[in-house]
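Here are my notes for your first look at this protein. Keep the picture open beside you and find each element as we come to it.

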Amino acid sequence: MTRTELPDSGMEPAPVTVPVVSALAGAVTAAAALCYAQVALPGQPLLSDYALVPGGMPPVLIGMLALAWACVSLAYGLAAREPARSAATRVLLLAGSAGLMLSAVFPTDPGNAAIGTLAGEIHRWSSAVVFTTLPVAGWILARGRVALPKWNRVKALSVTSAVALAAYLAAHPASFTSPLIGGASYYGLLERGVVLAEIALVVCMAMTVVDRRSAVRPVVPAQAESPERLAA
């Protein structure tokens, strides 16, 4: 038997230090790129719009590709630690990574563009994939686990990301609800909240991979009946 078996089998889990450190480095790099664009570049309604201003393309590309790398590294770490238990989460993480890479390759349309381009449509739909897959990945990973603080944090950040995404979609000028709630004045702030919540979610999921404590909710076996009772 090898050392890559599941923790439930009693063997030591496969080493996951390198993919976890890689995922954390990618998430921190993405957050740093976001902060740089926010502070050093002219203010823009949405984060993707920074790519359209002078000097804005590098931080946008670095941020998206770094977060994509973090998702791939996290999926690799989960495959080493829980190959069967984390299969659905890994698929969603890889889908989110692919969405980030497509968003980086295909730039968004300017906000005042009368007609959307094919590149802009690909960017919007790939961004939608990222925003939706990561919260679902976190929720699925934490579902059915022991009520430990690490899993509670993953669940809380998954719910926070989903709620922030719903608020952002409701406030976006393209939504029919935006005029009702005055969303045009703060939808960009909500988008930044979604991105930061999902970066924090990736960090929390990565930290759970290195924790060796019990991962799955224990199942209590049914009490076996005694021979005397069966004979009766």
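1. At what angle do helix 1 and helix 7 pack, and how far apart are their axes? Please keep in mind that this is a predicted model. Helix 1 covers residues 17–40 and helix 7 covers residues 187–209; they pack at about 165 degrees, and their axes lie 9 Å apart. That angle makes the two helices, helix 1 and helix 7, roughly antiparallel, since angles over 145 degrees count that way. Their crossing is left-handed.

2. Which residues form that contact? On the helix 1 side, look for V20, A23, L24, A27, A30, A31, L34 and Q38. Facing them in helix 7 are R192, V195, L196, I199, V203, A206, M207 and V209. Sorted by class, the contact of helix 1 with helix 7 has 14 nonpolar residues, one polar and one charged.

3. Now step back to the overall layout. The protein has eight helices and zero strands, and along the sequence the pattern reads α-α-α-α-α-α-α-α. Of its 232 residues, 44% count as buried. Among contacts with a separation of 6 or more, 67% are between residues 24 or more positions apart.

4. Next, turn to helix 4 (residues 118–142) and helix 5 (residues 149–171). They pack at an angle of about 155 degrees, with axes 8 Å apart. Helix 4 and helix 5 are therefore roughly antiparallel to each other, and their crossing is left-handed. From helix 4, the contact uses F131, T132, P135, G138, W139, L141 and A142. Helix 5 supplies W151, V154, K155, S158, V159, S161, A162, L165 and Y168. In the contact of helix 4 with helix 5, eleven residues are nonpolar, four are polar and one is charged.

5. Helix 4 has a contact with helix 7 as well. Here the axes come within 10 Å and cross at roughly 35 degrees, in a left-handed crossing. V130, F131, L134, P135, A137, G138 and L141 of helix 4 meet E191, V194, V195, E198, L201, V202, M205 and T208 of helix 7. The contact of helix 4 with helix 7 has eleven nonpolar, two polar and two charged residues.

6. Some residues take part in two of these contacts. F131 of helix 4, for example, is listed in the contact with helix 5 and in the one with helix 7. On helix 7, V195 meets helix 1 and also meets helix 4.

7. How many disulfides are there? The count comes to zero. C35 is partly exposed, with a relative accessible area of 46%, whereas C71 counts as buried because its relative accessibility is 0%, and the cut-off for buried is under 20%.

8. A87 lies in helix 3 (residues 87–105) and, at 32% relative accessibility, counts as partly exposed. Its C-alpha atom is 9.2 Å from that of L141, although A87 and L141 are 54 residues apart along the chain. L180 is in helix 6 (residues 178–181) and counts as exposed, with 69% relative accessibility. The C-alpha atoms of L180 and A170 are separated by 9.5 Å, and the two residues are ten apart along the chain.

Definitions and conventions: Residues are numbered from 1 along each chain as its sequence is written. This is a predicted model: local features need pLDDT of at least 70, side-chain atom pairs count only at pLDDT 80 or more; totals for chains, interfaces and linings use all residues. Side-chain values use heavy atoms; hydrogens and water are left out. Axes are lines fitted to C-alpha atoms, for helices over the stretch in contact, and angles run from 0 to 180 degrees between N-to-C directions. Helices (H or I, at least four residues) and strands (E, at least two) are DSSP runs, numbered from the N terminus. Angles under 35 degrees count as roughly parallel, over 145 as roughly antiparallel, 65 to 115 as roughly perpendicular and the rest as oblique. A crossing is left-handed if the near helix is turned anticlockwise from the far one by less than a right angle, and right-handed if clockwise. Contact means heavy atoms within 4.5 Å. Ala, Val, Leu, Ile, Met, Phe, Trp, Tyr, Cys and Pro count as nonpolar, Asp, Glu, Lys and Arg as charged, and the others, Gly among them, as polar. A disulfide is a pair of cysteine sulfur atoms within 2.5 Å. Buried means under 20% relative accessible area, exposed over 50%, partly exposed in between (1.4 Å probe, protein chains only).
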